[in-house]
Amino acid sequence: MKSETVSKIVKASGVSSGELVLVHFWGEDADKEIANSFVASVAALGATPLLLQQSRSINQEIFSSAKESCFDDRYFDLFSKFDAVLDVFAYRPIVLGYQIEDEQMALYRRYISQVFYKLMKCRRFTQIRVPTEANAAESNLDPQDYVQRMNKAYDIDYEAVHIACKRETERFAGVKQVAVHTGADCMLYLDLTGRVWHIDAGDGDLPCGEIYIAPVENKTNGNVFFKAFYLDDVKYSNVTLQILNGEISGSSHTEIAKHFAELPKENRIVCELGLGMNPNVTDLCGYTVLDEKMAGTFHIAVGANNMFGGENEASDHIDFVGCGKIEVIL
């Protein structure tokens, strides 16, 4: 990731002069240069950076011998002082990656839980996946392809994307119902009454570029078609989902219908409608983090939406990305 791109990301996240900003880095010393680049970019905007490294190898040493007294309320209270958090990960966060005694692992889990509890109370919390081979493993893409796609998705005009997102949310302001036209004759109707559109243009989960809303949970009805449909890392072609009163009730593909039928009800409720707005994501690859941001696409999700204005609590939140036309009905 170029230093110029890092600077654009930091600025887009909302960092401003006088703020206290935590760069929360998940990675080893070999990748620490990228963390240092974020620290420097924060300082360049007149904010005060502080770097906390969560290295698996270092944490393994610490928590193999740490005592309960090592991390008390005084330690965790320090995290409540930050204005913003840049959560930068060169590999999957939280996972320790080492075997340690059960009692020590329990201490590590409590430590991580309390750290995040405090950090999520900060005014802004931005997650940034570093384009590394370790993160590529989570995407099921070829590492070189992953790095190229991610770098391209990050290297955008963030202000222009924000303006485009704002324009789209204004277009749908006050709209109570929309229809998604897909395939030859599929129509999906979603009720948006009382729900608010959200913009992701650099201050949330990066790479960014989408607007999204939580539709009324029991009022999504119709059929929706996907030319390419990814489920549990398997690609299916020409898939139609049937949705009745907000719940996925069937599919044109037997295996997919069986998958949803076996889920708890809350995990098959349509919980999100989103529109991709990132011009540098130009084709679908099966990695939702990128696909849902592709300009010109829509996505629906099933599962939890109580974190962005909905009422459905669930253990999962799974997105499905497609191409179609959004029509305002009411």
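Thr 126 lies in strand β4, residues 124-129. Strands here are DSSP runs of E with at least two residues, numbered from the N terminus. The model is predicted: local features need pLDDT of at least 70, side-chain atom pairs count only at pLDDT 80 or more, and totals for chains, interfaces and linings use all residues. Residues are numbered from 1 along each chain as its sequence is written, and side-chain values use heavy atoms, leaving out hydrogens and water.

Is Thr 126 buried or exposed? Thr 126 counts as buried because its relative accessibility is 1%. Buried means under 20% relative accessible area (1.4 Å probe, protein chains only). Contact means heavy atoms within 4.5 Å. Beyond its neighbours within four places in sequence, Thr 126 contacts residues including Ser 13, Leu 86, Asp 203 and Leu 206.

## The sheet

Five strands form an open sheet with parallel pairing. Their order is β2-β1-β3-β4-β8. At the edges are β2 (48-53) and β8 (205-206), each pairing on one side only.

Two strands pair if DSSP finds at least two bridges between them. β4 and β8 pair in the parallel sense over two bridges. Gln 127 stands opposite Asp 205 in β8.

## The nonpolar cores

A nonpolar core is a set of buried Ala, Val, Leu, Ile, Met, Phe, Trp, Tyr and Cys residues joined through side-chain atoms within 4.5 Å. The largest has 67 residues. Phe 38, Leu 86, Phe 229, Leu 241 and Ile 300 touch the most other members. A second, separate core has 24 residues, among them Trp 26 and Tyr 91.

Terms used:
Helix = DSSP H or I, 4+ residues; strand = E, 2+ residues; numbered from the N terminus. Buried < 20%, exposed > 50% of the residue type's maximum accessible area, 1.4 Å probe, protein only.
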